Amino acid sequence: MQGPPPYGQPPPYGPAPGGYPPPPMPPRPPSGGGPLIPLLIIGAVLVVIVVAVGAFVVLDGDDKDYKPVTLSPTTATPITPSASQSTTTEDLSTILKSTVTTSAGTTFTRAGGIRSGSCVSRAGAELQKALRTNSCTQDMQSALYTNPSRTVVTVVSVLRFADSSAAAAVNDDTSEGADPTLLLPPSGSGLPTLTRNPSSWTRSWTRGQFVVYSQGYWASGSDAGERNGTVYNTSGELGIEIANVISWSN
């Protein structure tokens with residue numbers, strides 16, 4: 001039997017003393033498992049992307065309340081306004097009628113008559129500034145309406161300008177607080193008497209050389225609520241209807 005190697009030298013080539021063979025090599029993975037790892041990696045990446053997109057949508061949905069906004073009606077669904085051969089922009093009383101039924105089927109009733117006055121005399125402070133550059137070509141026409149339950153008041157005002165560019169320039173200032181002075185229910189209308197201007201929503205649309213404003217508030221004078229709330233949507237429905245009638249009447 002061969003003795004141990006001198007100190008500091010490696011053992012001779014061959015099996016280790018004692019006769020035990022080296023441990024076997026681990027088995028190779030099946031040949032069909034190769035593509036599994038890339039698929040798992042791709043799936044993990046897709047999950048991360050979906051989570052990131054979801055987080056973006058949630059964070060991007062913030063909106064400010066109570067700020068007057070300028071909105072145009074959606075073009076996704078064609079809207080057929082209640083225009084007829086008797087409506088004409090030369091006589092806005094044919095558009096601001098005693099009752100107006102919207103394309104959604106809601107009938108609004110006018111309280112009192114149409115109020116007419118120069119645009120400057122009927123304009124709020126910010127709208128007066130806008131009118132210094134682009135003045136109206138005729139008096140502002142306004143009418144106060146209530147919804148069927150008489151809980152929401154909507155004041156619709158129509159301004160006419162020299163051309164569509166002037167109308168668009170004034171309309172752009174709505175988001176900065178440029179709007180007509182708010183009209184309150186007239187005496188004898190049966191609506192609550194308000195001693196001060198209530199919280200309200202103002203929206204506006206351009207139709208050629210016209211700008212249409214809708215100003216909505218609760219008849220009780222309570223807070224107008226959030227954007228896309230009852231007051232916002234109700235007054236907007238009537239404002240869009242009048243704006244579209246003007247389009248069809250031109």
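Here is a quick briefing on the helices, strands, cores and close pairs of this structure.

The model is predicted, so keep the thresholds in mind: local features need pLDDT of at least 70, side-chain atom pairs count only at pLDDT 80 or more, and totals for chains, interfaces and linings use all residues. Residues are numbered from 1 along each chain as its sequence is written, and side-chain values use heavy atoms, with hydrogens and water left out. Helices (H or I, at least four residues) and strands (E, at least two) are DSSP runs, numbered from the N terminus.

**Helix α5**

- Helix α5 covers residues 230–249, which makes 20 residues.
- From first C-alpha to last it reaches 29 Å, close to the 28 Å expected at 1.5 Å a residue; that expected span is 1.5 Å times one less than the number of residues.
- Of the 20 residues of α5, 15 are buried, so the helix is largely enclosed by the rest of the structure. Buried means under 20% relative accessible area, exposed over 50%, and partly exposed in between (1.4 Å probe, protein chains only).

**Nonpolar cores**

- A nonpolar core here is a set of buried Ala, Val, Leu, Ile, Met, Phe, Trp, Tyr and Cys residues joined through side-chain atoms within 4.5 Å.
- The largest one has 18 residues, and Y145, V158, V212 and I242 have the most contacts inside it.
- β4, β5 (152–160), β7 (210–218) and α5 each supply at least two residues of this core, and the largest share, 6 residues, comes from α5.
- A second, separate core has 15 residues, including A123, L159, V170 and A178.
- Leaving aside residues up to four places away in sequence, V158 touches L92, L96, D139, M140, Q141, F210, V211, V212, I242 and I246; a contact is heavy atoms within 4.5 Å.

**Strand pairing**

- Two strands pair if DSSP finds at least two bridges between them.
- β1 (residues 99–101) and β2 (residues 107–110) run antiparallel and are joined by 3 bridges, with T101 standing opposite T107 in β2.
- The β1 and β2 hairpin has 5 residues between the strands, and G105 takes a positive phi near 95° there.
- β2 also pairs with β4 in the antiparallel sense, over 2 bridges. R110 has Y145 in β4 as its bridge partner, and Y145 also turns up among the residues with the most contacts inside the largest core.

**The disulfide**

- Take a disulfide as a pair of cysteine sulfur atoms within 2.5 Å, and the count comes to 1.
- C119 and C136 form it, with their sulfur atoms 2.1 Å apart. The link is left-handed, at -110° about the S-S bond.
- C119 sits in helix α2 (residues 119–122) and C136 in the loop between α3 (125–133) and β4 (140–146), 17 residues apart.
- C119 counts as buried, at 6% relative accessibility.

**The aromatic pair**

- Rings of Phe, Tyr and Trp (its six-membered ring) pair if their centres lie within 6.5 Å; planes under 30 degrees apart count as stacked, over 60 as edge-to-face and the rest as tilted.
- The structure holds 1 such pair. The ring centres of W201 and Y232 are 5.1 Å apart with planes at 85°, so the pair is edge-to-face.
- W201 lies in strand β6 (residues 201–207) and Y232 in helix α5, so the pair ties together parts 31 residues apart in sequence.
- Both W201 and Y232 are buried.

**Loop residue G188**

- G188 is found in the loop between α4 (164–171) and β6, and counts as exposed at 86% relative accessibility.
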